[in-house]
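Trainee: I am new to this structure. I would like a close look at a single part, please.

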Amino acid sequence: MDLKRLQERLEKISVGYGEHLGFERDPDWFLLKLQEEVGELTQAYLQHTGRARAKGASAEQIRDTFHQEFADVLCQLLLFAKQHDVDLPAEIDNKWLVYEA
């Protein structure tokens, strides 16, 4: 999957989300939304590992939510990076892939 193309697709969805709910996606929003999604991933992880209440959800629903929260975190991270003109593929190459054997 091409990250830059994905960022463009996510941006269109995110713009529509902001317009539909009537809020401005200012620079703070991107970081705060990312933090919110990390919190939701944490909650889902706690439920998935049996360290939080299931709140009436089945084990399958809990697993599905846990998996979906990864997508939310990744998508918000991609939007946050786009907002700040971060070339993630280049940064991954420079920070991580330089250590490939």
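This is a predicted model: local features need pLDDT of at least 70, side-chain atom pairs count only at pLDDT 80 or more; totals for chains, interfaces and linings use all residues.

Is Leu-77 buried, partly exposed or exposed, going by its relative accessibility?

Mentor: Leu-77 is partly exposed, because its relative accessibility is 37%. Leu-77 lies in helix 3. Helix 3 spans residues 59-83. Let us follow that helix and its partners.

Start with helix 1. Helix 1 covers residues 3-21. Its axis and the axis of helix 3 are 9 Å apart, and the two helices pack at an angle of about 95°. That angle makes helix 1 roughly perpendicular to helix 3, since 65 to 115 degrees is the range for that label. Now look at who meets whom. On the helix 1 side you find Leu-3, Leu-6, Gln-7, Glu-8, Leu-10, Glu-11 and Ser-14. On the helix 3 side they meet Cys-75, Leu-78, Leu-79, Ala-81 and Lys-82. Sort this contact by class. There are seven nonpolar residues, two polar and three charged.

Take Glu-8 from that list. Glu-8 is found in helix 1. Glu-8 is partly exposed, because its relative accessible area is 38%. Leu-77 and Glu-8 are 69 residues apart along the chain, and their C-alpha atoms are separated by 13 Å. Now try Leu-79. Glu-8 and Leu-79 are 71 residues apart along the chain, with 8.7 Å between their C-alpha atoms.

Next comes helix 2. Helix 2 runs over residues 27-48. Helix 2 and helix 3 pack at an angle of about 160°, and their axes are 8 Å apart. The two are therefore roughly antiparallel, as an angle over 145 degrees counts that way. Their crossing is left-handed. By class, this contact has 16 nonpolar residues, five polar and six charged.

Glu-37 is found in helix 2. Glu-37 counts as buried, because its relative accessibility is 6%. Which residues does Glu-37 touch, leaving aside its neighbours within four places in sequence? They are Glu-69, Asp-72, Val-73 and Gln-76.

Across the model, the count comes to five aromatic pairs. One of them is Phe-23 with Trp-29. Their ring centres are 5.4 Å apart and their planes stand at 35°, so the pair is tilted. Phe-23 is partly exposed, given a relative accessible area of 28%. Trp-29 counts as buried, at 14% relative accessibility. Back in helix 3, turn to Phe-66 and Phe-70. Their ring centres are 5.1 Å apart and their planes are at 70°, so this pair is edge-to-face. Both residues lie in helix 3. They are four residues apart, about one turn of the helix. Phe-66 is buried, with a relative accessible area of 11%. Phe-70 counts as partly exposed, at 44% relative accessibility.

The rings also gather in a group. Tyr-17, Phe-23, Trp-29 and Phe-30 form one aromatic cluster.

Finish with the loops on either side of helix 3. Most residues other than glycine have a negative phi. Lys-55 has a positive phi of about 55°, although it is not a glycine. Lys-55 is found in the loop between helix 2 and helix 3. Lys-55 counts as exposed, because its relative accessibility is 58%. Now go to the loop between helix 3 and helix 4, where helix 4 is 88-95. Asp-85 lies in that loop. Phi of Asp-85 is near 55°, a positive value in a residue other than glycine. Asp-85 is exposed, with a relative accessible area of 70%.

Helix 1 is roughly perpendicular to helix 3. Helix 2 is roughly antiparallel to helix 3. Leu-77, where you began, is partly exposed.

Conventions. Residues are numbered from 1 along each chain as its sequence is written. Side-chain values use heavy atoms; hydrogens and water are left out. Buried means under 20% relative accessible area, exposed over 50%, partly exposed in between (1.4 Å probe, protein chains only). Contact means heavy atoms within 4.5 Å. Axes are lines fitted to C-alpha atoms, for helices over the stretch in contact, and angles run from 0 to 180 degrees between N-to-C directions. Angles under 35 degrees count as roughly parallel, over 145 as roughly antiparallel, 65 to 115 as roughly perpendicular and the rest as oblique. A crossing is left-handed if the near helix is turned anticlockwise from the far one by less than a right angle, and right-handed if clockwise. Ala, Val, Leu, Ile, Met, Phe, Trp, Tyr, Cys and Pro count as nonpolar, Asp, Glu, Lys and Arg as charged, and the others, Gly among them, as polar. Rings of Phe, Tyr and Trp (its six-membered ring) pair if their centres lie within 6.5 Å; planes under 30 degrees apart count as stacked, over 60 as edge-to-face and the rest as tilted.
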